Amino acid sequence: MQLITQSMQRLLKNAAIEPAPGKFIFDSNFEPSPEKEKSELKFNNSELPRSPMVPPLRKDLEERKRDIEFQTFFNLPATEHLMEECSCDFSTPEMKESLNGKLQLSEGYLAFVADDAKSCNFVLPLYTVRRVERINSGTHNFALSILNWHQMKLILQINGHKVTFEKFCNTIRDNLKNQVRYMKNLRSFLSTCFSEALLVDPKKDISTGGLGLIFGFPGDVKKLRDRYKTKLWIEYLQTNGRNLTLVKVPYFSKLVRVGLPNKLRGEIWELCSGAIFLRFVNDGMYEKLQKDNAGKVSLSTEEIEKDLNRSLPEYPAYQTKEGINTLRRVLTAYSWKDPELGYCQAMNIVASAILIYMSEEQAFWTLSVLCDRLIPGYYSTSMYGAILDQIIFEHYVQNKMPLLYEHFQNVDVQLSVACLPWFLSLYINSMPLLFAFRVLDCFFMEGPRVLFQIGTLDQPAHPNNKNQKIREITKFNELMMVAFKEFSNITTESVIELRKTHQFKVIHNIESFTKRGQIRNLKDTSKFSKNDISIIYDKFYNAQFYGKQKSVRNDSRMDLNTFYRFLGSISSWAKLDDENLTKENGSPRDNQGRRLVGYEFIHKLFIHFDQSQSGGLTLQDVICGLGKIIFGDLMSRIELFFNLHDSDLDGYLFKEEILQMSESFLFIFRNRNDDGHLGSVSNFIRNAFEYTDSVGDINDISDSNLPEKNEVNNTLTENEHNLRMSLPSFRMVVLADGYLEEFFDSGFASSFQFIEPTEERSKGLGREIFNALMSDGMRLAEKFGKRINHAKPKSHIPSSPDQNNSSNSNRNDMTSHVQSLESSNNNAESNYNDSSSLMPRNNSQDSFISVESQKSSKMQRNESPVSFGSDEEDDGLMQEVDRLLSEFSIDENDDNSNPLSIDIQDNTNILEDEDVNKLLEDIN
């Protein structure tokens, strides 16, 4: 269940296909925040086992789930992990009796919550601790006294055995040492908190704060009883700590619900949301983002400029340049911090509201907490979070107010039409600002459940009054009381569970809508059916989804690495293993430095599909590229292969390009069950060199002077600049071989399969997630298996001299047998050559045309490409193929063996240039 939940969260985040609005295309200058970078690093490390003897997966998932619950309840950064937990009695010198609860310790925070979760809770950053000491307690054997920065003493009486107490003490001691480096910034940070100045001199004005200090706060101060509320808060802060060291008791929630004082509101919002912890540990990051991205432009910055003047225009600050510039800096800084989300409409409404009570840096980190944790997905490109909460809201209305829900159903009105703006703007645009800020007070303290409780209340105080403005006045205080009493069973836990329940429905709806829109906007469908386009679309974006971590692009275009995955999903010959893949001199190499032919060929296809030369493929590019292959004719596919290997685009294939094409053929044919492709590829090499436009003649090499490999290489090297093959010659060579002709006529096009089996289509998304997780596990097991096999000692059995002599004698017999076959079939050759389109330049015994070439040239067009004339000829060919297989197969115990294995059971796609030269030498 935990794995499925994490996969669904990733699917939700990637439900939209639009490019990340806050990023450049190929933007590599942005540096993620240290907090985020550290969080991602820890998450990735926790995914990969440290050794084969790893803890059970279930245990790791339970620990991760426990960490998430710990972070969510206490509003802590995602970098915190629960390290110690024990039962504890908490008290202070001012408290009359101690409270029993749970004490939890992470890397940087000490947290306590009472058993009833309402009596008391606090989060104490370890960098605010001045002293920790053991004390003697009359009721407990183990007790600690902690003195925090504000000289407040906390008494923790731990319930448990001595071992538990000693372990807890050792852990908190080590964590305190690690947090000492933060204490030097504590004094300057606290100077930005209004509560510090409030307790010193309540009448003293502070220099740092929101726009309200300059342009005034909304509402009448006297009517709001702001001074009286401030007095109550001074009494509370003096007794229960302040800002980073605040202890929350039931009186705290009462003070929040009646409305916060204007000057203290921003700090309480920041404290309740946990943004104050992020601001402290990321000191200076907001300024750094502004400085590093000054003058940069993205899709987000353009959208921000459009909405600046539409942000709370009724507030005077946003009618001036100062207010507009403040809002612009906060929104653009966040778009650079989280470029994947960037900016979405309604973010400007929320940011402009909190800026009235907060400084720029406070508002920046509060906005981060809102988007990342409190209301995730509300402001993404697909707004999946807001859509999901609308479904949950309808569920609550149906259960709590069935008559109202039935009325909406009868009149065919969707609640989301009216309610979506409420949630997106957090009710700021849906009610007077004074009431909206009261809702935000409760929202930051209680969490997202307040949005659903308030959403069910909108009763007017004077419904029968003729004046419309009077009818709009609501009994807000009474409605707030009803919300928290009548709908108290709407809890944060229930909201989270309903989000998990309905998230698949949201994914399906968003994906279906996006899919229909993109397919409808295709300019060219290349004769594909709707079903085929639908499958291509799914596989295109599945490859994008699973290959996103390795992708170097920030937009929706498919890069080369993702194209490898995509092509492998629609064609069996394109399935590659990219483990330990490196690049050397621009050429893909394996972990032993050998060149990988398959990657080069697919790279050529990628370049051919990329008509815009942007380095990335759109869905339209892929459909057009596949359409030319599948719906093209024989000649167009032959021309395609020619153009793919014509690297210099001069209209000719030279020696290296011809050899690369032969490598491509061997790569594509490597999984075939027949041996016909071996003869066809060797045939192709000989005939290609035979019918190249060459000034010199390279056909004077016979079997008598063949054993010296260097002589052949020197001969080829001397004539290399004269060897070239044009497109007509290439067509002639291909059409002379039945096997290659069949491949270009139908085999290559039919190798792309879009029709999924029925059982695959019925698996659904859950099965797909399970298969992805299973494949990751199998890949990991295979990785460790390779390590174990590599560590085993290898035994190498050298071949005996008798075997070598036997091999040499067999080879001599084979040579004489081939010569006899050639001389006995001269008449048949001359008769066939009269009607053949491929005319050899000489019929001498020293010709480059092999036995396989001769036999394939004798094939009738109505025969199978791998059938031959007689049993004697067939036996001679099979002996030659057996010799090639034995000489070119890889010995797994020999590290220096040839990287090319022509064994049809081996799926390797590695081929070196020298291997092709050796093939030329040995098959003559």
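Predicted model: local features only at pLDDT ≥ 70, side-chain atom pairs only at ≥ 80, totals over all residues.
## Strand 7 and its neighbours

Two strands count as a pair if DSSP finds at least two bridges between them. Strand 1 (residues 84-91) is joined to strand 7 by 5 bridges, and the two run antiparallel. Within this pairing, Ser 91 sits opposite Ile 155 of strand 7.

Strand 7 also pairs with strand 6 (residues 142-148), again in the antiparallel sense, this time over 6 bridges. Here you will find Ile 146 facing Leu 154 of strand 7. Strands 6 and 7 make a hairpin, with 4 residues between them, and Gln 151 in the turn has a positive phi of about 60°. As for solvent, strand 7 (residues 153-159) is mostly covered, with 5 of its 7 residues buried.

## Two loop residues with positive phi

Next, have a look at Leu 312, in the loop that lies between helix 14 (299-307) and helix 15 (321-337). Leu 312 is not a glycine, yet its phi is positive, at about 45°. Is Leu 312 buried or exposed? Its relative accessibility is 1%, so it counts as buried, the cut-off being under 20%.

Tyr 427 is also worth a visit, in the loop between helix 20 (415-424) and helix 21 (433-446). Phi of Tyr 427 is near 70°, a positive value in a residue other than glycine. Tyr 427 has a relative accessible area of 3% and is therefore buried.

## Arg 265 in helix 11

Moving on to the helices, Arg 265 belongs to helix 11, which covers residues 262-273.

## Tyr 599 in helix 28

Our last stop is Tyr 599, part of helix 28 (residues 597-609). Tyr 599 has a relative accessible area of 1%, which means that it is buried.

How far apart are the C-alpha atoms of Tyr 599 and Leu 576? They are separated by 8.0 Å, while the two residues lie 23 residues apart along the chain.

Note on methods
Residues numbered from 1 in each chain as written. Heavy atoms only, no water. Buried < 20%, exposed > 50% of the residue type's maximum accessible area, 1.4 Å probe, protein only.
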